[in-house]
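This briefing goes with the structure shown below. Please read it with the model open.

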Number of protein chains: 2
Amino acid sequence: MTVADIKPYVLLTGGLGYIGSHTVIKLIQRHYNVVIFDNLVNSKVETLSRIQEVLSVESPELSNDGLLFFQVDLRQLDDMKEIIEREFVGKNRRITSIIHFAGLKSVNESVKDPLLYYDYNFVSSLNLLKLVQAYQIHHFIFSSSATVYGDVTKFENPSEYLPLRENQTTKIPINPYGNTKHLVERLLEDYANSNPDFQVGILRYFNPIGAHPSHLIGEDPLNEPLNLLPIIANYSKLNKTLKVYGGDYQTKDGTCIRDYIHIEDLSRGHVLALNKLELLGPITISQQAELDMTVNYHEWNLGKGVGYSVLDIIKQWNKSTGIQVNYEIVPRRDGDVEILVADVEKSEKELGFICQFDLKDACQDLWGWTSHYFNSLKLEK
Amino acid sequence: MTVADIKPYVLLTGGLGYIGSHTVIKLIQRHYNVVIFDNLVNSKVETLSRIQEVLSVESPELSNDGLLFFQVDLRQLDDMKEIIEREFVGKNRRITSIIHFAGLKSVNESVKDPLLYYDYNFVSSLNLLKLVQAYQIHHFIFSSSATVYGDVTKFENPSEYLPLRENQTTKIPINPYGNTKHLVERLLEDYANSNPDFQVGILRYFNPIGAHPSHLIGEDPLNEPLNLLPIIANYSKLNKTLKVYGGDYQTKDGTCIRDYIHIEDLSRGHVLALNKLELLGPITISQQAELDMTVNYHEWNLGKGVGYSVLDIIKQWNKSTGIQVNYEIVPRRDGDVEILVADVEKSEKELGFICQFDLKDACQDLWGWTSHYFNSLKLEK
């Protein structure tokens, strides 16, 4: 058997989640083999058939044998090892890269039950690095968040920090969810410094929105949607009144400002980041000697670089879909940061990452997916 | 059975280590019941008999039934639960407080094998909080380190940050060991915010030195000593030449400056902190309503508030013990910070913590213990 007989795979944890599933499609379309580890605590196995459906419509020429799925909890290292021994080592397959999407993501829940968040978000990441070490996996991409930048509007001279740059030195996340993301970044940085044959990319997401342009797949959490646009879409269908948390922020209209990025752009960012890490490869002795901490550890913002207020989004939703959603302004919520907007210069320069979709596309695609989804629910009944 | 029949215990993790063992003695002398969990990776079971020996000499009136020891690895939650179910719940004993000393502490080793450090130092702490939650344990003291303050001499206006104060906002530890300590602090803070019936004290140690004034117990690591004074003491016995790492720091004599604290003062600080947490008790609804983050989460420096250079220490060693140790200055070592000196105002004010021993006492006690130790080794041969 030669090296060429061994089939390389990218492991996507949480690959049936919102961002994971869209990235699976992109990777398969770029001829990567993909294996998904997902414990289905906040995703559904139906998403796997939706991925297959999109692929059969958009890329009928591709065979389906490059996609594997295992239901496994990342906190159980032995369970993951058992799968890898049986399905990879035992079958001439090899995991060469990990894209680590899996994790809990509710700020409110993290405030109430921090141990749950440290367990899920931190212990899982540590276990994945044990796999990296045990199976010589070379590339690692981590789903981080703009939350790690903390609330810079509380700093002296906030304008110095905006838009948010990757190299901001003081990062004080204001909730346990943000802390777990920040801590995993430190873990990955420390590990990268110890292993020259490893490349890690931290992707700091701003606000992912929209759905696949085919409208056959989109966000589908097990629980109530937590983010603004999915709530708007749901409430538009259900005719409920949207709560806008806080109308007294120091922004143009008093509501929080976020940087919204279309899921198609965001998932493409992962492919670009993986390509970059593959190109960089192992770091050399001379690079090590320079002690350049960034040689194999990289941080990239994935945002559009434009800030919209909550009221902007409500207006754009109406304009793009023709649907008027009712809203009321209620008091602020714990854990919300006033403004989060990305500086996108570094991702553009290093990854060639430029957003191709805008807010209008995102609203229309989300509405297309929501309508498709509600129709399919009716059909099921 | 009434509540009064249930015997309260303080759980000391790593209770056979250097700081742990000295604190066990203090707690028993203050009539606390103590249970030690230690996996003996960097401590020896003989320390238990040394503790008994000091107690029988200094406090012969005390019975020995208030001290329990179990060899257990804190990374194994189920093993700890099994001991608690069998030895506590089943025997009318109850753990009311935890003092968490256990952890790996070599900066160099942490740079080479960060996963080991995150595993030992973080996962263990998370497991202990799961015990806190399962068994309603109310007080928790964590052995943190001055390392969490990072290298403030690299900041703009370093003098603003010195001496180091507990509320320094920007904390960027410069090695994985420091990151794991900082990470556990965040975990404990997040957990304290979620549980009003819990009080946590973070003790940030500066440089613990010396030995018990009886000279019957002191530091006794399994591996080579890593800290300056134990190395000086060993090399004085073995007639070896001491390496001083870095003579070109921006300090009065070019060598690093540290804040040295006698082990007797440091271990007394733990008793004071525990008393404080016991007095504070559960936080009330009105305190919660104020959202004062510091109501049940506290950070205290344990240092003397005085900085000595490496060369100062060598001179003081000679002066206190009459022993001249040879040294040579070699290049700097990775991960060393130029200056670490505590601001002790907060510990003094809130805990009544004032150091009673000085550098001379520490040198003499360390030399007394080292001589006792080398003699006992000879006797064994």
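The points below cover the chain contact, a sheet and some backbone details.

The model is predicted. Chain A and chain B bury about 2,100 Å² between them. In chain B, seven strands form an open, parallel sheet.

**Interface between chain A and chain B**

- The contact draws on 23 residues from chain A and 23 residues from chain B.
- Carbon and sulfur atoms give 69% of the buried area of about 2,100 Å². Of the area that chain A buries against chain B, 28% is supplied by A:Leu115, A:Tyr118 and A:Asp190, more than by any other three residues.
- The interface holds two salt bridges. A:Lys130 forms a salt bridge with B:Asp119, and the closest N and O atoms of this pair are 3.0 Å apart.
- Nine residue pairs, both members at pLDDT 80 or more, are in polar contact between chain A and chain B.
- On the side of chain A that touches chain B, at least two residues each come from helix 4 (107–112), helix 5 (114–135) and helix 6 (176–194) of chain A. Helix 5 of chain A gives the largest share of that side, ten residues.
- By residue class, the side of chain A that touches chain B has 13 nonpolar, five polar and five charged residues.

**Sheet in chain B**

- The strand order of the open sheet in chain B is 3-2-1-4-5-6-11, with parallel pairing.
- Strand 3 (67–71) and strand 11 (297–302) of chain B each have a single partner strand, so one side of each has no neighbour in the sheet.
- On average, neighbouring strands of this sheet are turned by 25 degrees against each other, direction ignored.
- Strand 6 (residues 199–205) and strand 11 of chain B run parallel and are joined by six bridges. B:Tyr205 stands opposite B:Leu302, a residue of strand 11 of chain B.

**Backbone details**

- A:Pro163 lies in the loop between strand 5 (139–145) and helix 6 of chain A.
- B:Pro163 is placed in the loop between strand 5 (139–145) and helix 6 (176–194) of chain B.
- A:Asn92 is not a glycine, yet has a positive phi of about 55 degrees. A:Asn92 belongs to the loop between helix 3 (77–87) and strand 4 (93–100) of chain A.

Technical notes. Residues numbered from 1 in each chain as written. Chains lettered and ligands numbered in written order. Predicted model: local features only at pLDDT ≥ 70, side-chain atom pairs only at ≥ 80, totals over all residues. Heavy atoms only, no water. Contact = heavy atoms within 4.5 Å. Buried area = accessible area lost by both parts, 1.4 Å probe. Salt bridge = Lys/Arg side-chain N within 4 Å of Asp/Glu carboxyl O. Polar contact = N/O pair within 3.5 Å; in protein donor to acceptor, adjacent residues only side chain to side chain. Helix = DSSP H or I, 4+ residues; strand = E, 2+ residues; numbered from the N terminus. Nonpolar A, V, L, I, M, F, W, Y, C, P; charged D, E, K, R; others polar. Pairing = 2+ DSSP bridges. Axes fitted to C-alpha atoms, helices over the stretch in contact; angles between N-to-C directions.
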